[in-house]
Amino acid sequence: MKKSLSKTLLLALSLSLILLLPFIAFSDSDDDEGEDHEWHSNLRHGYSKHLSPAVDPLYQQECGACHFAYQAGLLPKASWEKIMDGLDQHFEEDASLSSEHASAIQEYLYANSAENSSARFSKRILRSLEGATPLRISDIPFFKHEHREVGTRVLARKSIRSWANCSACHTTAKRGIYDEKYIQIPR
Ligand code: HEC
Ligand code: HEC
């Protein structure tokens, strides 16, 4: 009687182990392409979930004066080069800088461009660009794909106006966090 009970127990134990095995084995699987809505840690498998915030004070001051100071990891280096080479005619504005400020900002942008970013989004941006170097983040195929459900009438709202206005909808954009959870489309 006692012997058969321990046998049953042993059987049950090994059965549950076999059933659990796939979960144990795959719980750490790579979900690069998957929709990962859970925060585990920012750094997973060598790349980070969020973009490094644009903390450079000079960059914030000069490139955050007219619009949101975009993280350098949102564009490839060659795009930043084009932007920095054309500041006197920057989207119909004159955004030119002293050469001293320009070279400091250049250094910051190039060192943190998508190629040098460990963010998952930077990798996706580069992959989707296939070598193209647009002036706008909002012209990146990955960007268009992610925003395909936002209609033109929503975008035209006074509180938004333009795709360039990331922080209107992404409440945590400044911190480099574009997670769906923190999107609030203003009225
Ligand atoms: C004098 C104002 C002004 C300054 C200063 C300025 N910008 Fe702009 N920028 C604009 C305008 C206007 C647009 C177009 C915005 C729109 O389409 O709604 C723009 C757009 C952009 C875009 C494209 C956004 C998109 O649609 O994806 C990038 C990237 C950009 N600026 C980078 C910079 C950088 C880098 C600096 C600093 C060197 C800078 N800007 C400084 C006025 C400015
Ligand atoms: C009109 C509001 C709005 C504006 C402006 C906007 N976004 Fe978004 N963004 C969204 C919505 C909505 C989604 C889709 C969320 C979803 O369904 O996963 C999204 C998705 C994203 C994603 C993918 C998030 C994820 O977890 O997969 C990124 C990255 C992103 N936006 C970056 C930007 C950047 C950078 C800008 C500015 C250049 C910007 N967005 C401007 C509303 C906006």
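Is Ser 79 buried or exposed? Ser 79 is buried, its relative accessible area being 0%, where buried means under 20% relative accessible area, exposed over 50% and partly exposed in between, with a 1.4 Å probe and protein chains only. The model is a predicted one, in which local features need pLDDT of at least 70 and side-chain atom pairs count only at pLDDT 80 or more, whereas totals for chains, interfaces and linings use all residues. Residues are numbered from 1 along each chain as its sequence is written, chains are lettered from A and ligands numbered from 1 in the order in which they are written, and side-chain values use heavy atoms, with hydrogens and water left out.

**Ser 79 and its helix**

- Ser 79 is part of helix α3, helices being DSSP runs of H or I with at least four residues, numbered from the N terminus.
- Not counting residues up to four places away in sequence, Ser 79 touches Thr 133 and Pro 134, a contact meaning heavy atoms within 4.5 Å.

**Surroundings of ligand 1**

- Ligand 1 is surrounded by 21 residues, of which Cys 63, Cys 66, His 67, His 90 and Ser 162 are the closest; a residue counts as near if one of its heavy atoms lies within 4 Å of the molecule.
- For Ile 137, a backbone N or O atom lies 2.7 Å from an oxygen atom of ligand 1.
- Two or more residues of this shell come from each of α2 (57-63) and α3 (77-85), and α3 gives the most, with three residues.
- The shell around ligand 1 comprises 13 nonpolar, four polar and four charged residues, where Ala, Val, Leu, Ile, Met, Phe, Trp, Tyr, Cys and Pro count as nonpolar, Asp, Glu, Lys and Arg as charged, and the others, Gly among them, as polar.

**Surroundings of ligand 2**

- Among the 16 residues around ligand 2, those that come nearest are His 147, Trp 163, Cys 166, Cys 169 and His 170.
- A nitrogen atom of ligand 2 is 2.8 Å from a side-chain N or O atom of His 147, and a polar side-chain atom of His 170 lies 2.8 Å from a nitrogen atom of the ligand.
- A polar side-chain atom of Glu 146 lies 3.3 Å from an oxygen atom of ligand 2.
- Helices α6 (141-146) and α8 (166-169) each supply at least two residues of this shell, which by class has ten nonpolar, four polar and two charged residues.

Methods:
A polar contact is a pair of N or O atoms within 3.5 Å; within protein, one must be able to donate a hydrogen and the other to accept it, and residues adjacent in sequence count only if both atoms are side-chain atoms.
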